[in-house]
Amino acid sequence: MNGFVTAVSATFTREVARSRHRWVLTYLVPVFPPIVAVTLFADLMSPAENLPGFPASTYQDYVAASAVLLPGMMAAGLTASSAGADLRSGLADRLRVLGVSAAAATSGRLLFEGLRILPAAVAAYLTAVLLGDDVTWRPDAMLVLLLLAVAWAIAYNGIFHAFAAITGSAHAPIALQPLFAPLTFLSIFWFPRALMPAWGATVTDYNPISWLTDAGLATTIGGVTPADVLAGVGTVVVVGAAGLVATVRILARRAAR
C-alpha cells in the first residue's frame, strides 16, 4: 500500500514539474471558457430568463454550476497526452519495471487533472456570485460544488487516459476534447429541461451529464431532490471507476505483448 501511495505521489509530482513549463496551458487556459459562459454567453441567453418555467432569476444563476463543472471537460486530456508520450517513448515500460504500476501512474495523473482545474472553477463561481441574483456567497455551497468539479475532472479524464492507452499516442487524446459539446448540449448543462421540446427533454433525462448538472444545481439555485444529487454523484463514481479500470486493463494487455 505504501508503495502504491509513493508511486501516486511521484507521478503527481512529475506532472506538477511538467506544468511549470506549460503553466499557461495547464492553469490559465481552463479559466477562459467558464468565465465566457457566465458573462458573454449568459448575456446572449439572458432573454431566456423571462420565459415561464425558467428555474432561476438570471441566466448567470442557472449556468453557474455548469460553468464550475466545465473546465474539467473542456480542458481535459493534458495528462493523457503525457501518458501517451510515455508509452511511445518507452518510459512507461521502464517505470513499470521500477515498480510503478499502471494504476498508480494513472491515479497520480488523474489527481493532478482534478486539482489543476481548481483556479478555473473558483473563478467561475466567484464571477457567478458577482453577476447573479440567486447564487450568493456561501462557502459551504462553494466547497461542495468545487469538490464535485474536481471529482468530475478526475472521472472524465479517465476516458482520455483509456484512449491514450489504446492508441499509445500523445496527440490522439486531444482529438476527444470536442466530445464535451454533444454531451453538454444534449443535457440540461446549458438550458433547463422544462423549456425543451419533448424529444430534447427525453434525451436529457437519459444523459448522465444532466444528472451531474442536477447535483451542481443543488448547490447554486436549489430545486433538486436528494435522489438527483445521488444520481450525479453516482455518475462521477461510475465514469471514474470505468475509466481507471479500462486504462489499467488496456495497459496490462500492452505490457503482455
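# Chat about helices, rings and a loop glycine

Trainee: Let's start with Gly53. Buried or exposed?
Mentor: Gly53 counts as exposed, because its relative accessibility is 53% and the cut-off for exposed is over 50%. Keep in mind that this is a predicted model.

Trainee: Okay. And where does Gly53 sit?
Mentor: Gly53 is in the loop between α4 and α5.

Trainee: What does Gly53 contact, leaving aside its neighbours within four places in sequence?
Mentor: Ala194 and Leu195. From C-alpha to C-alpha, Gly53 and Ala194 are 6.5 Å apart in space, while along the sequence they are 141 residues apart.

Trainee: Switching to rings. How many aromatic pairs turn up in the whole structure?
Mentor: The search finds 11 aromatic pairs. Take Phe41 and Tyr59: the ring centres are 6.0 Å apart and the planes are at 65 degrees, so this pair is edge-to-face.

Trainee: Why edge-to-face?
Mentor: Because planes over 60 degrees apart count that way, and here the angle is 65 degrees.

Trainee: Which helices hold Phe41 and Tyr59?
Mentor: Phe41 lies in helix α4, residues 40-44, and Tyr59 in helix α5, so the pair ties together parts 18 residues apart in sequence.

Trainee: What about the rings of Tyr59 and Tyr62?
Mentor: Their centres are 6.3 Å apart with the planes at 40 degrees, so that pair is tilted. Tyr59 and Tyr62 both lie in helix α5, three residues apart, which is about one turn of the helix. Both of these tyrosines are buried.

Trainee: Which residues form the aromatic cluster with Tyr59 and Tyr62?
Mentor: Phe41, Phe54, Phe185, Phe189 and Trp190 form one aromatic cluster together with Tyr59 and Tyr62.

Trainee: Now helix packing. What's the geometry of α5 with α14?
Mentor: Helix α5 (residues 59-69) and helix α14 (residues 208-220) pack at about 120 degrees, with axes 9 Å apart. That makes α5 oblique to α14, and the crossing is right-handed.

Trainee: Who makes that contact?
Mentor: From α5 you get Asp61, Tyr62, Ala64, Ala65, Ser66 and Leu69, and from α14 Leu212, Thr213, Gly216, Leu217 and Thr220. By class, the contact of α5 with α14 has six nonpolar, four polar and one charged residues.

Trainee: And α9 with α11, what angle and distance?
Mentor: Helix α9 (residues 102-116) packs on helix α11 (residues 139-167) at about 130 degrees, and their axes are 8 Å apart. These two are therefore oblique to each other, and α9 passes α11 in a right-handed crossing.

Trainee: Which residues meet there?
Mentor: On α9, Thr106, Arg109, Leu110, Leu111, Glu113 and Gly114; on α11, Val150, Ala153, Ile154, Asn157, Gly158 and His161. The residues in the contact of α9 with α11 split into five nonpolar, five polar and two charged.

Trainee: Last one: how do α1 and α9 cross?
Mentor: The axes of helix α1 (residues 2-19) and α9 come within 7 Å and cross at roughly 45 degrees. So α1 and α9 are oblique to each other, and their crossing is right-handed.

Trainee: Which residues of α1 and α9 meet?
Mentor: Among those in α1 are Phe4, Val8, Phe12 and Arg14, and among those they meet in α9 are Ala104, Gly108, Leu111 and Phe112. The class count for the contact of α1 with α9 is 11 nonpolar, four polar and three charged residues.

Methods. Residues are numbered from 1 along each chain as its sequence is written. This is a predicted model: local features need pLDDT of at least 70, side-chain atom pairs count only at pLDDT 80 or more; totals for chains, interfaces and linings use all residues. Side-chain values use heavy atoms; hydrogens and water are left out. Axes are lines fitted to C-alpha atoms, for helices over the stretch in contact, and angles run from 0 to 180 degrees between N-to-C directions. Helices (H or I, at least four residues) and strands (E, at least two) are DSSP runs, numbered from the N terminus. Angles under 35 degrees count as roughly parallel, over 145 as roughly antiparallel, 65 to 115 as roughly perpendicular and the rest as oblique. A crossing is left-handed if the near helix is turned anticlockwise from the far one by less than a right angle, and right-handed if clockwise. Contact means heavy atoms within 4.5 Å. Ala, Val, Leu, Ile, Met, Phe, Trp, Tyr, Cys and Pro count as nonpolar, Asp, Glu, Lys and Arg as charged, and the others, Gly among them, as polar. Rings of Phe, Tyr and Trp (its six-membered ring) pair if their centres lie within 6.5 Å; planes under 30 degrees apart count as stacked, over 60 as edge-to-face and the rest as tilted. Buried means under 20% relative accessible area, exposed over 50%, partly exposed in between (1.4 Å probe, protein chains only).
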